[in-house]
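Biologist: I am new to this structure. Please show me how to read its features, one at a time.

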Amino acid sequence: MTPPILSKIYEKIDDLTTEIEELQRQKYQLQGLYDFADFIETHNLIDNEIERLRLQLKEQQTSVGIRGDTDEEEH
């Protein structure tokens, strides 16, 4: 191969290497965003479950309180 052709090949290799490095950097940034989005989604799911359990506990406490009053009246 002639020197100009080799020079173009090396230039193209350098360009492709630079492009690959940039794409890898973007990939890592996106992975970070996806990880953060997963964290937020998990956090929201946990919050929703906590709220559901609080409501369930409140309903059970109310139910026990009503039954307790009824039981006391019967005795």
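Biologist: Is arginine 25 buried, partly exposed or exposed?

Modeller: Buried means under 20% relative accessible area, exposed means over 50%, and partly exposed lies in between (1.4 Å probe, protein chains only). Arginine 25 has 40% relative accessibility, so it counts as partly exposed. Keep in mind that this is a predicted model: local features need pLDDT of at least 70, side-chain atom pairs count only at pLDDT 80 or more, and totals for chains, interfaces and linings use all residues. Residues are numbered from 1 along each chain as its sequence is written, and side-chain values use heavy atoms, with hydrogens and water left out.

Biologist: Which residue meets arginine 25 in a salt bridge?

Modeller: The general idea is this: a salt bridge is a side-chain nitrogen of Lys or Arg within 4 Å of a carboxyl oxygen of Asp or Glu. Here the partner of arginine 25 is glutamate 22, at 2.4 Å from N to O. Glutamate 22 has 32% relative accessibility, so it counts as partly exposed.

Biologist: Where do arginine 25 and glutamate 22 lie?

Modeller: Helices (H or I, at least four residues) and strands (E, at least two) are DSSP runs, numbered from the N terminus. Both residues lie in helix H1, 3 residues apart, about one turn of the helix.

Biologist: How many salt bridges does the count come to?

Modeller: The count comes to 2. Glutamate 49 and arginine 52 form a salt bridge too, with their closest N and O atoms 2.6 Å apart. These two are 3 residues apart in helix H1, so about one helical turn separates them. Glutamate 49 is partly exposed, because its relative accessible area is 35%. Arginine 52 is partly exposed as well, at 42%.

Biologist: How many helices and strands does the protein chain have?

Modeller: It has 1 helix and 0 strands. Buried residues make up 0% of its 75 residues.

Biologist: What is the accessible surface of the protein chain?

Modeller: Accessible areas come from the Shrake-Rupley method with a 1.4 Å probe; for residues, only the protein chains shown count as cover. The chain comes to about 7200 Å², of which 59% belongs to carbon and sulfur atoms.

Biologist: Which residues form a nonpolar patch on the surface?

Modeller: Patches are made of residues with over 30% relative accessible area and no salt bridge: like charges are joined within 9 Å, nonpolar side chains (Val, Leu, Ile, Met, Phe, Trp, Tyr) within 5 Å. Met1, Ile5, Leu6, Ile9, Tyr10 and Ile13 form this one, with about 610 Å² of accessible area together. Tyrosine 10 lies in helix H1, residues 3–74. Its relative accessibility is 53%, so tyrosine 10 counts as exposed. Methionine 1 lies in the segment before H1. At 74%, methionine 1 also counts as exposed.

Biologist: Which residues gather in a patch of negative charge?

Modeller: Asp and Glu count as negative, Lys and Arg as positive; His and the chain ends are not counted. The place of a charge is NZ of Lys, CZ of Arg, CG of Asp or CD of Glu. Here Glu11, Asp14, Asp15 and Glu19 gather on the surface. Aspartate 15 lies in helix H1.
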